[in-house]
Amino acid sequence: MNIKLVSGAALGLATMLVLSSCGSGGSGGGDDTQASGGGAVTLKMVAADYGDGPGKPNSGETFWKGVVDEFQAANPNIKVEVQVINWNDIDKQVATMIQNGQVPDILQTGDYSGFVADKLLYKVDEVLSPNVSGDMLQKFADFGKVDGAAYGIPFVSSARALFYNKDLFEKAGIAEPPKTWDELKAAAEKLKGAGVTQPFGLPLGQEEAQAESFLWMLGNGGGYKDASGKWSINSPQNVETFTYVKGLVDAGLTTPNPGTKDRKTVWEDFGAGKVGMVNGGPMSIPIFDAAGLKNYGVAPIPGKAGPLDTTLGVMDWIMAFNKNGHAAEIKKFFDFFYTGNAAQKISDTYKLLPVTNGGIEKLSSDEKLKPFLDALPNASFYPFQDPKWAEVNPAIKQTIGGAVKDDPAKVLGELQKTAEAAG
């Protein structure tokens, strides 16, 4: 939702913010206790930057400041410092922090599995109350488990669908959105003939190439792993898939040089009326709204032989590191986040989907989000639970765009070697 959540969902420029207000006043309830040892404790948190909501500059910074201020007013002995880092840099910066011994207490990002292998994380039941964990969407929460123990807590989620510009479709004489790859190519050719510069928006740049690639793989019965759990990045299905997509690129039916284009750029182009079709999620909607695009439709993503009967389910994660021994204080913060209005606010701001049953129920009347809420139960996921994903995912982001420029089999084969050698 990588929604992702995002898978993650990078929507802004790199920003960094330290929030350090101390707060004062009474504790937030009868069951509150002072921080460990009776003195103030500082929790250091690193969070991914979801960028600006529509008409809300620096809304990522504003969001976390509001959460922290409200929490500290109720818990004056727990201070929270939040550092917000953009999606393209967060993994590298966090790795450097850990290498230098500057381990945060809380991390909110797109993956958790690599930290489990290094035994750096608290288990979920050590930092989240049972009533909160019990409200999580079960299928999503299960993906936070490694060897039966939960370490990752779903933060926000997302699903994917095909957006299409109805005005451009009408101009090109296309009656309905494509359901198959053949129909997609035919529609793209008509759009190109009608003067559309990017018939299909194809972001295969480093921001989220793993998501776009996975959607195409699913359309041909492929994926990053096969049914037995073995890595299958260079499977015949996936090679066929990228050969087809390369054909679209070579014919000028997609975003030019897709391996260099991030999704935010392509979604902005769709909002500006330059793109006929694009895969996206609910977090795309604020970008389209900000650009003034109104007349668009949402449909299932086309597959080789028909519409996908699944979609990419993306989760971003929040997790707690055990180095500093602040489990009790982290638990207070997590419980506050999920039981208050903070989780709802981030969904409202960025059109990301909640990860709790209660949150989903609150959004069920939103017609723009309904196609994605309906798709969540049958979603497919990245192989989060494999610790090797922490190494494979960055490699995919960096190189898979080359599969539509060079030899698909060679590029996918190199990624297969990376996956088999990782860990």
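This is a predicted model: local features need pLDDT of at least 70, side-chain atom pairs count only at pLDDT 80 or more; totals for chains, interfaces and linings use all residues.
Let us start with helix α2, which covers residues 87–99.

Which residues of α2 are buried? They are Trp87, Ile90, Val94 and Met97. These residues lie on the same side of α2, because they cover an arc of only 60° around the axis. The face of α2 turned away from the buried side carries Lys92 and Gln99, which are exposed.

Just after α2 comes Gly101, with a positive phi of about 80°.

## Helix α17

Helix α17 takes in residues 389–399, and its buried residues are Trp389, Val392, Asn393, Ala395, Ile396 and Lys397. They pack against α2, α3, α9 and α18 (408–421), which links this helix back to the α2 region described above.

## Helices α8 and α10

Next, take a look at α8 (residues 181–193) and α10, whose axes come within 11 Å and cross at roughly 10°. An angle under 35 degrees counts as roughly parallel, so α8 is roughly parallel to α10. On the α8 side, the contact is made by Trp181, Leu184 and Lys185, and on the α10 side by Thr241, Tyr244 and Leu248.

## Asn220, a buried loop residue

Asn220 sits in the loop between α9 (209–218) and α10 (236–250). Is Asn220 buried or exposed? Its relative accessibility is 13%, and since buried means under 20%, Asn220 counts as buried.

The side chain of Asn220 makes a polar contact of 2.9 Å with the side chain of Glu240, and it also reaches the backbone oxygen of Gln237 at 2.8 Å. Beyond neighbours within four places in sequence, Asn220 is in contact with Trp181, Gln237, Glu240, Thr241 and Lys304. Two of these names, Trp181 and Thr241, also belong to the contact between α8 and α10. Ala305 is 85 residues away from Asn220 in sequence, yet their C-alpha atoms are 7.9 Å apart in space.

Ser157 lies in strand β6 (residues 153–158) and counts as buried, because its relative accessibility is 0%. Its side chain reaches the backbone oxygen of Pro354 at 3.2 Å.

Thr356 belongs to the loop between α14 (342–350) and α15 (357–363). At 11% relative accessibility, Thr356 is buried too. Leaving out neighbours within four places in sequence, its contacts are Asp135, Met136, Leu137 and Tyr338.

Most residues other than glycine have a negative phi, which makes the next two residues worth a look. Asp147 is not a glycine, but its phi is positive, about 55°. Asp147 is found in the loop between β4 (145–146) and β5 (149–150) and, at 81% relative accessibility, counts as exposed.

Where is Asn257 found? Its place is the loop between α10 and α11 (263–271). Asn257 has a positive phi near 45°, and its relative accessibility of 56% makes it exposed.

Key:
Residues are numbered from 1 along each chain as its sequence is written. Side-chain values use heavy atoms; hydrogens and water are left out. Helices (H or I, at least four residues) and strands (E, at least two) are DSSP runs, numbered from the N terminus. Buried means under 20% relative accessible area, exposed over 50%, partly exposed in between (1.4 Å probe, protein chains only). Contact means heavy atoms within 4.5 Å. A polar contact is a pair of N or O atoms within 3.5 Å; within protein, one must be able to donate a hydrogen and the other to accept it, and residues adjacent in sequence count only if both atoms are side-chain atoms. The expected span of a helix is 1.5 Å times one less than its number of residues. The arc is that of the directions from the helix axis to the C-beta atoms. Axes are lines fitted to C-alpha atoms, for helices over the stretch in contact, and angles run from 0 to 180 degrees between N-to-C directions. Angles under 35 degrees count as roughly parallel, over 145 as roughly antiparallel, 65 to 115 as roughly perpendicular and the rest as oblique.
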